[in-house]
Amino acid sequence: MEITFYKYQGTGNDFVIIDNRSKFLSKTDTDLIAHLCDRKFGIGADGCMFLEEPSVAGDNFTMVYFNADGNESTMCGNGGRCLVAFAKHLGIVNDTAKFTAIDGPHDATISAGLVKLGMQNVSAITSQKDHWFLDTGSPHHVQIVNELSNFDVFTQGRSIRRGAPYFEEGTNVNFVEQVNNDSFSVRTYERGVEDETLSCGTGVTAVAIAMHKANKTAAEKININTPGGKLTISFTKTDAGYENVYLEGPAKLVFKGEITWSH
């Protein structure tokens, strides 16, 4: 079987994207999806996405996201931004988009190569002595560290990812260093990838909200530096929590190709 694919990246978070509106690929074919994401034997990516026909009235498309291990997963912020750019490439959308992902409805705008993606509201944030936990479409542990550039993200992230209180379900792990009043640097260990990634959209969103909750910043527009580039998170603080949450950054087509699958 010949499969046409597109490779996209958003601040170094890279994805294999497939137009599956005809449903020619099964969402349960974990071997295929893991193969596509394999950096040695396949195309190579942090995750894979299918763009499918909308199942909700008023939507432009449906987002289906898979971790690199081949399993369907929770929301991916940079993936969502790349999928919007792909939808524009296909002519499905122009400057605005509406779609539904596993965590619910999303809206987005595209301008000058930047995709601004609406994220879910956040009301529940668990504060511990040295870290915070919240769900921004995916679960995230946020922890401030010193000398982030030299920090052992892989070892420490892997330990926290499956440790108490997360255990089997696990969590994504973000290590943070403050740069100034409204800027932070972040490195993330992602579950499903089981390694550090160059960027994580739901992760930087979690960091921005956690840092505001922790009174590390009063800004409602926060700049995040990741190893793969810069992202901006904006939100409105309300009595109920954090609303009008948006993640903004670049999303770029790297290449288009075909791969043969004969498993």
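**Entry 1: the second largest cavity**

I started with strand E4 (residues 61-67), which gives the most to the lining of the second largest cavity, with 3 residues. Strands here (E, at least two residues) and helices (H or I, at least four) are DSSP runs numbered from the N terminus. For the record, this is a predicted model, where local features need pLDDT of at least 70 and side-chain atom pairs count only at pLDDT 80 or more, while totals for chains, interfaces and linings use all residues. Residues are numbered from 1 along each chain as its sequence is written, and side-chain values use heavy atoms, with hydrogens and water left out.

The lining of this second largest cavity consists of Met63, Val64, Tyr65, Glu72, Ser73, Thr74, Met75, Ala101 and Ile102. I noted the volume as about 40 Å³. By class the lining splits into 6 nonpolar, 2 polar and 1 charged residues. The classes: Ala, Val, Leu, Ile, Met, Phe, Trp, Tyr, Cys and Pro are nonpolar, Asp, Glu, Lys and Arg are charged, and the others, Gly among them, are polar.

A note on terms: a cavity is a set of points, on a 1 Å grid over the protein atoms alone, where a 1.4 Å probe fits but cannot get out, and lining residues have an atom within 4 Å of a point. Grid points are joined across faces, edges and corners, and the volume is the space filled by probe spheres set on the points.

**Entry 2: the largest cavity**

How many cavities of 30 Å³ or more does the structure hold? I got 2. The largest cavity has about 100 Å³ of space. It has 13 lining residues, and Asn67, Met75, Ser138, Asn172 and Glu190 are the closest to its centre. I sorted the lining of the largest cavity into 4 nonpolar, 7 polar and 2 charged residues. Met75 turns up in this lining and in that of the second largest cavity.

**Entry 3: helix H1**

Which residues of helix H1 (residues 30-37) are buried? I listed Leu32, Ile33, Leu36 and Cys37. Buried means under 20% relative accessible area, exposed over 50%, and partly exposed in between (1.4 Å probe, protein chains only).

What do the buried residues of H1 pack against? My list has strand E1 (2-10), strand E2 (13-19), strand E3 (47-52), E4 and strand E17 (252-260). Contact means heavy atoms within 4.5 Å.

**Entry 4: the whole chain**

I counted 4 helices and 17 strands in the protein chain. Its radius of gyration is 18 Å, close to the 18 Å that the globule rule gives for 263 residues, so the chain is as compact as a globular protein of that length. That radius is taken over C-alpha atoms, and the rule is 2.2 Å times the number of residues to the power 0.38. Buried residues make up 53% of the 263. Among contacts between residues at least 6 apart in sequence, 60% join residues at least 24 apart.

Ala164 and Pro165 are joined by a cis peptide bond, with omega about 0 degrees. I placed Pro165 in the loop between helix H3 (153-162) and strand E11 (172-180).

Glu194 is not a glycine, yet has a positive phi of about 60 degrees. Its loop runs between strand E12 (183-190) and strand E13 (195-197), and at 22% relative accessible area Glu194 is partly exposed. Asn215, also no glycine, has a positive phi of about 65 degrees. Asn215 is exposed at 68%, in the loop between helix H4 (201-213) and strand E14 (221-226).

**Entry 5: two buried strand residues**

Thr197, in strand E13, counts as buried at 3% relative accessibility. Leaving out residues up to four places away in sequence, Thr197 touches Asn13, Asp46, Thr188 and Glu190.

Val173, in strand E11, is buried at 0%.

Technical notes
On a 1 Å grid over the protein atoms alone, a cavity is a set of points where a 1.4 Å probe fits but cannot get out, and a pocket is an open set with protein on both sides within 12 Å along at least five of seven lines; lining residues have an atom within 4 Å of a point.
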